[in-house]
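This briefing goes through one predicted protein model, topic by topic. Please read it with the sequence and the structure at hand.

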Amino acid sequence: MNIATEDGASRASYYRSPVAPAIKKILSAPDVKRPEVDEFKAEVARLRKHERALRQEHAAEVRELKDATATYANQIQILALRNAELEEDAGKLRSQLSDSSDRVVRALRPT
């Protein structure tokens with residue numbers, strides 16, 4: 001059957017397909033109006049254009065998400081470094097407090 005060949009499917013796949021009887025019925029009825037090739041080509045072109053637009057939209061969304069992820073990663077790194085600084089300062093203050101007999105803590109950095 002040429003339909004299977006044109007579709008790139010084997011004959012066995014075509015005959016096992018649930019649409020095979022419907023196609024056979026359509027082809028055996030000469031008075032049934034068949035869609036024109038130009039209509040199919042136009043529909044294929046429209047669908048390809050729509051697919052291209054969806055791919056571009058998806059690519060833009062992926063780029064935005066990657067940019068946001070990079071921004072968040074940078075912010076997390078900055079916060080982690082600042083947190084490490086604060087932990088170090090807290091350790092120094094605790095050490096001063098435990099070493100000082102008069103319980104006085106000196107400023108770590110000039111204000």
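Accessible areas come from the Shrake-Rupley method with a 1.4 Å probe, and for residues only the protein chains shown count as cover. On that basis the protein exposes about 10,100 Å², of which carbon and sulfur atoms supply 57%. This is a predicted model, in which local features need pLDDT of at least 70 and side-chain atom pairs count only at pLDDT 80 or more, whereas totals for chains, interfaces and linings use all residues. Residues are numbered from 1 along each chain as its sequence is written, and side-chain values use heavy atoms, with hydrogens and water left out.

**Fold and burial**

- The secondary structure comes to 4 helices and 0 strands, where helices (H or I, at least four residues) and strands (E, at least two) are DSSP runs numbered from the N terminus.
- Read along the sequence, these elements give the pattern α-α-α-α.
- Of the 111 residues of the protein, 6% count as buried, a class that means under 20% relative accessible area, while exposed means over 50% and partly exposed lies in between (1.4 Å probe, protein chains only).
- Aspartate 89, in helix 4, counts as buried because its relative accessibility is 10%.
- Leaving aside residues up to four places away in sequence, aspartate 89 touches Leu108 and Arg109, a contact being heavy atoms within 4.5 Å.

- A search of the whole structure finds 4 salt bridges, each defined as a side-chain nitrogen of Lys or Arg within 4 Å of a carboxyl oxygen of Asp or Glu.
- As background, side chains of opposite charge can pair when their charged atoms come close.
- One of the salt bridges joins glutamate 43 to arginine 46, with the closest N and O atoms 2.7 Å apart; both residues lie in helix 4, 3 residues apart, which is about one turn of the helix.
- Glutamate 43 is partly exposed at a relative accessible area of 33%, and arginine 46 is also partly exposed, at 45%.
- Glutamate 51 and arginine 55 meet through their side chains in a salt bridge of 2.9 Å, N to O, and these two residues of helix 4 are 4 residues apart, again about one turn.
- Within this pair, glutamate 51 counts as partly exposed at 36% relative accessibility, whereas arginine 55 is exposed, with a relative accessible area of 57%.
- Glutamate 85 forms a salt bridge with arginine 82, the closest N and O atoms being 2.8 Å apart, and the two are separated by about one helical turn because they are 3 residues apart in helix 4.
- Glutamate 85 is partly exposed, with a relative accessible area of 37%, and arginine 82 is partly exposed at 41%.

**Negative surface patch**

- Glu57, Glu61, Glu64 and Asp67 gather in a patch of negative charge on the surface.
- Patches are made of residues with over 30% relative accessible area and no salt bridge, like charges being joined within 9 Å and nonpolar side chains (Val, Leu, Ile, Met, Phe, Trp, Tyr) within 5 Å.
- Lys and Arg count as positive and Asp and Glu as negative, with His and the chain ends not counted, and the place of a charge is taken as NZ of Lys, CZ of Arg, CG of Asp or CD of Glu.
- Glutamate 64 lies in helix 4, which covers residues 37–99, and is exposed, its relative accessible area being 56%.
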